[in-house]
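Please examine the model shown below, beginning with the ligand and then turning to the helices.

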Amino acid sequence: MPSPRVTRAANANSTNPNNRFEFMSLLTNRTSSSEPVPTRHRLSDSPVHRKDSFNSSSPAFQQQLPEEDCMKLNPSFLEIALKSLLAIDLWLTKKLGVCAREGSSWGSARPLMKLVEISGHGIPWIGGTIYCFYKSDSNAGREVILNLLFALFLDLLLVAIVKGIVKRPRPMQNRMDMFATFSVDKYSFPSGHATRAAMVARFMLKHLVLAVPVRILVVLWAIVVSLSRVVLGRHNVTDVVFGFIMGHMQFTLVEHLWLSPNALPSLFKV
Ligand SMILES: CC(C)=CCC/C(C)=C/CC/C(C)=C/CC/C(C)=C/COP(=O)(O)O
């Protein structure tokens with residue numbers, strides 16, 4: 001006995017041979033052994049190639065298509081990859097936040113980590129750079145220091161923009177007891193300390209004549225400042241990794257936008 005769906009299809013077919021319903025019924029998988037699954041023999045038979053009035057973007061069309069006819073670029077793979085990365089990120093962040101609280105496993109090291117935090121904060125860096133600018137007695141020195149100052153302000157601006165766009169909240173374990181913050185600093189992505197540490201370290205290695213041990217210390221400082229963000233529970237791991245990469249990119253940008261004494265002659269001694 002034919003199923004009601006087939007009977008309806010047959011009725012529809014008898015009145016209109018090009019009926020859309022008939023097309024859809026051909027595409028429907030049948031479970032009953034008395035209702036064979038239609039076989040396509042030619043490419044032109046594929047619903048993708050048929051020039052029917054049936055709109056391929058309509059939800060009905062997409063529901064009815066057999067899986068092999070769906071032109072999907074597997075969006076679920078990217079989704080799964082991102083969700084897995086996020087899960088690993090959250091798990092690692094929780095594991096590594098060993099100084100997040102006084103009562104955490106390494107809570108006694110929290111004051112030391114907070115000193116590391118201050119060493120990468122914007123205020124000492126901007127204040128110290130302005131001081132060095134006025135103390136510098138050569139035009140070449142002033143040029144380098146002026147560009148460091150420019151880099152530090154550019155960093156504050158770019159980090160604030162990205163934080164404002166992404167609006168990722170800080171990790172649950174973070175205590176908002178940071179010294180001198182902007183309103184966007186309630187957000188986590190990217191880490192402003194990591195961007196600054198990476199950018200300043202590259203800037204110093206490129207423009208300051210430093211002995212090898214000092215160069216090694218500069219690199220270690222940038223790494224420790226970045227790691228301290230996760231250890232203090234301030235940031236997720238991905239905030240810091242992205243911040244570190246962004247700091248390198250900011251350094252490259254500053255090199256391209258390099259301010260010369262001609263741009264601001266009044267700041268330089270003649
Ligand atoms: C010191 C002088 C002379 C001027 C200061 C200029 C000024 C207004 C600087 C702002 C510095 C500031 C408040 C920076 C924010 C630093 C911060 C808390 C970043 C957040 O880092 P994150 O790693 O937690 O994202």
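Predicted model: local features only at pLDDT ≥ 70, side-chain atom pairs only at ≥ 80, totals over all residues.

Residues are numbered from 1 along each chain as its sequence is written.

The ligand is surrounded by 17 residues, the closest being G122, G127, S191, G192 and H193; a residue belongs here if its C-beta atom, placed from the backbone, lies within 6 Å of the molecule. Two or more residues each come from α6 (122-135) and α8 (192-207), helices being DSSP runs of H or I with at least four residues, numbered from the N terminus. The most, five residues, are given by α6.

Helix α8 also packs against α10 (residues 237-256) at an angle of about 35°, with the axes 7 Å apart. Here axes are lines fitted to C-alpha atoms over the stretch in contact, and angles run from 0 to 180 degrees between N-to-C directions. Among the residues that meet are A197, M199 and F203 in α8, and G247, Q250 and F251 in α10; contact requires C-beta atoms, placed from the backbone, within 7 Å.

The largest nonpolar core has 26 residues, and A151, A197, A198, M199 and F203 have the most contacts inside it. Such a core is a set of buried Ala, Val, Leu, Ile, Met, Phe, Trp, Tyr and Cys residues joined through C-beta atoms within 7 Å, where buried denotes 20 or more other C-beta atoms within 10 Å of a residue's own. Its largest share, seven residues, comes from α8.

Technical notes: Contact = placed C-beta atoms within 7 Å. Buried ≥ 20, exposed ≤ 12 C-beta atoms within 10 Å, placed from the backbone.
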